[in-house]
Amino acid sequence: METVAAAGYARGAATRSPACCAAMSFSQSYRPKAARPATTFYGESLRANTARTSFPAGRQSKAASRAALTTRCAIGDSLEEFLTKATPDKNLIRLLICMGEAMRTIAFKVRTASCGGTACVNSFGDEQLAVDMLADKLLFEALEYSHVCKYACSEEVPELQDMGGPVEGGFSVAFDPLDGSSIVDTNFTVGTIFGVWPGDKLTGVTGGDQVAAAMGIYGPRTTFVVALKDCPGTHEFLLLDEGKWQHVKDTTTIGEGKMFSPGNLRATFDNPDYDKVLVTAWLLVLCTALN
């Protein structure tokens, strides 16, 4: 049943409705809670390193504002509590919470839904699996339900879809519903990836124009990693047994790595340097290590 409905959606035969979002823990009259005092249940509140904020005069006020927002965010907060402290944009908060609810459902479906093919391919030539289309449908419905998304597109449906939200104060979202879905049957980690841009533009924009970017990771643990334009670092939330997203980790710096694995092997067909410098070098290091 889910396979048929998902495939029908891709062909435009099915009409999106907020039915799957009815189980969400908030209604259409949802408003974020007032910020609660920072908790130290899992540790101290994140403190920004103000010693390094030697910005030009024109950026000092913005840097101070970002630092003030960051210091209020605490490990142990719920997703809603964190977002309420991290950004004053209530529409962005609502959109991210809706996406979090969709990913909570996807986490369950990845464990139980069919991984069979739908006899369809997307515009990139990839076979569309039933679980791909189900995740795609859930995310589109969540964006429509949010009432703050103007346009959205995905890897499975790359054409712009009007979600009914406003242009002024609204957002446009591009997403990959289930990256790595072809290896679901091997029980490897897969994930949802999305970017959020202000207004009604998804072409002629860059990554730097995003107001938020995030990924949902479905593995031994289900996590939701969020980055906000005006909140330094990335912020990881763990899906608890009771269905709540809890803030468990902040990453504000990237240290020197000890492991390397090349990805995006399709790029080697278009960019020989990628193959020569990265992939070939990695294989050489691997062979040396094995010997």
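Visitor: Which handedness does the crossing of H3 and H4 have?

Guide: This is a predicted model, in which local features need pLDDT of at least 70, side-chain atom pairs count only at pLDDT 80 or more, and totals for chains, interfaces and linings use all residues. Residues are numbered from 1 along each chain as its sequence is written, and side-chain values use heavy atoms, with hydrogens and water left out. A crossing is left-handed if the near helix is turned anticlockwise from the far one by less than a right angle, and right-handed if clockwise. By that convention, the crossing of H3 and H4 is right-handed.

Visitor: Which residues of H3 and H4 make the contact?

Guide: Contact means heavy atoms within 4.5 Å. On the side of H3 the contact is made by Leu79, Glu80, Leu83 and Thr84. From H4 come Ile93, Leu96 and Ile97.

Visitor: How many nonpolar residues does the contact of H3 with H4 have?

Guide: Here Ala, Val, Leu, Ile, Met, Phe, Trp, Tyr, Cys and Pro count as nonpolar, Asp, Glu, Lys and Arg as charged, and the others, Gly among them, as polar. The contact of H3 with H4 has one polar and one charged residue, and its nonpolar residues number five.

Visitor: At what angle do the axes of H3 and H4 cross?

Guide: The axes are lines fitted to C-alpha atoms, for helices over the stretch in contact, with angles from 0 to 180 degrees between N-to-C directions. Angles under 35 degrees count as roughly parallel, over 145 as roughly antiparallel, 65 to 115 as roughly perpendicular and the rest as oblique. H3 and H4 are therefore roughly antiparallel to each other. Their axes come within 10 Å and cross at roughly 155 degrees.

Visitor: How many residues of helix H3 are buried?

Guide: Buried means under 20% relative accessible area, exposed over 50%, and partly exposed in between (1.4 Å probe, protein chains only). Helices (H or I, at least four residues) and strands (E, at least two) are DSSP runs, numbered from the N terminus. Helix H3, residues 79-86, is mostly covered, and the buried count is eight of its eight residues.

Visitor: Which residues is Val110 in contact with, leaving aside its neighbours within four places in sequence?

Guide: Val110 is found in helix H4 and is buried, with a relative accessible area of 15%. Val131 is 21 residues from Val110 in sequence and 6.8 Å from it in space, C-alpha to C-alpha. Leaving aside neighbours within four places, Val110 is in contact with Val131, Leu178, Val184, Val190 and Tyr218.

Visitor: How far apart in space are Gly170 and Trp197?

Guide: Gly170 is found in the loop between strands S4 (161-162) and S5 (171-179), and is buried at 3% relative accessible area. Beyond neighbours within four places in sequence, its contacts are Val148, Trp197, Pro198 and Gly199. Gly170 and Trp197 are 27 residues apart in sequence, and their C-alpha to C-alpha distance is 8.8 Å.

Visitor: Is His147 exposed, partly exposed or buried?

Guide: His147 is found in the loop between helix H5 (130-146) and strand S3 (149-154). Its phi is near 65 degrees, a positive value in a residue other than glycine. At 42% relative accessibility, His147 counts as partly exposed.

Visitor: What is the phi of Asn187?

Guide: Asn187 lies in the loop between S5 and strand S6 (190-198), and is exposed, with a relative accessible area of 69%. Most residues other than glycine have a negative phi. Asn187 is not a glycine, yet its phi is positive, at about 70 degrees.
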